[in-house]
Amino acid sequence: MTAGAELKRRTVHASGVGFPALYLLNLAEWRTVGYLLIVGSAVAAVLEAIRLGVGLDWAIYETLTREYERDNVAGYALYMFSMTGVASVFDPAVAVPGMLMLALGDPVSGLLGSNEAGRAKRAGVIAVMFGVCFALAVPVLVGTAPLSTVLAAAAVGAAGATVADGFTPVVRGYVLDDNLTIPPVACVGIWLVLRVAG
């Protein structure tokens, strides 16, 4: 993928911040955000069914999908499914940090250095990813628990997102895309810390 195409891909990726931003800016209730995500996931599922089943050959797919996504569910659909999943399962205080880590942390990490499937990212990129994710989580979590718990939850969630982003495993020939794994791993970590501390 060329540098220009990668930048376009990362820009589209970051645009997903609009979903949690609607809630954070009090422009929509959490339930409404959930409905919008469900609609987005349904549209993505239909497009992917057509692309993989019939052979939808739009130029945008050439630009925004990776080579390993040509015959598998594309990252944008996994992105929508993952965001929808965490928004459906967790309260906003837990779900929003995970969504932000995917929407903003992942593209920052990707611009600094992408990794091939089955290989880990460089240590410097991993450190930046952790720092960005931690910084995104803390403001959302403040007020939900004592500060020490907030910091611990943010750290555990950021660590989970960093691991999911930093290493993309291949399971039986299928690439476990970080668009699918970052939000649930991060949210489960945050939820566990808040649960144990509570």
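This is a predicted model: local features need pLDDT of at least 70, side-chain atom pairs count only at pLDDT 80 or more; totals for chains, interfaces and linings use all residues.
H5 covers residues 75-89 and H6 covers residues 92-112; their axes come within 9 Å and cross at roughly 165°. An angle over 145 degrees counts as roughly antiparallel, so that is how H5 and H6 run relative to each other. The crossing is right-handed.

Which residues make the contact? From H5 there are Tyr79, Met83, Val86 and Ala87, and from H6 there are Ala95, Met99, Leu102 and Ala103. By class, that is 8 nonpolar residues, with no polar and no charged ones.

Two of those names come back in the largest nonpolar core. That core has 40 residues, and Met83 and Met99 are among those with the most contacts inside it, along with Leu37, Met101 and Leu141. At least two core residues come from each of helix H3 (30-53), H5, H6, helix H7 (123-141), helix H8 (147-166) and helix H9 (178-197). H6 gives the largest share, 8 residues.

Next, Leu141. Setting aside neighbours within four places in sequence, Leu141 is in contact with Ala93, Pro97, Val150, Ala153, Ala154, Ile190 and Leu194.

Last, Leu112, which also sits in H6. Is Leu112 buried, exposed or partly exposed? Its relative accessibility is 42%, so Leu112 counts as partly exposed. Not counting residues up to four places away in sequence, Leu112 touches Arg122, Val125 and Val128. As for Met129, it is 17 residues from Leu112 in sequence, and the C-alpha to C-alpha distance between the two is 9.5 Å.

Terms used:
Residues are numbered from 1 along each chain as its sequence is written. Side-chain values use heavy atoms; hydrogens and water are left out. Axes are lines fitted to C-alpha atoms, for helices over the stretch in contact, and angles run from 0 to 180 degrees between N-to-C directions. Helices (H or I, at least four residues) and strands (E, at least two) are DSSP runs, numbered from the N terminus. Angles under 35 degrees count as roughly parallel, over 145 as roughly antiparallel, 65 to 115 as roughly perpendicular and the rest as oblique. A crossing is left-handed if the near helix is turned anticlockwise from the far one by less than a right angle, and right-handed if clockwise. Contact means heavy atoms within 4.5 Å. Ala, Val, Leu, Ile, Met, Phe, Trp, Tyr, Cys and Pro count as nonpolar, Asp, Glu, Lys and Arg as charged, and the others, Gly among them, as polar. A nonpolar core is a set of buried Ala, Val, Leu, Ile, Met, Phe, Trp, Tyr and Cys residues joined through side-chain atoms within 4.5 Å. Buried means under 20% relative accessible area, exposed over 50%, partly exposed in between (1.4 Å probe, protein chains only).
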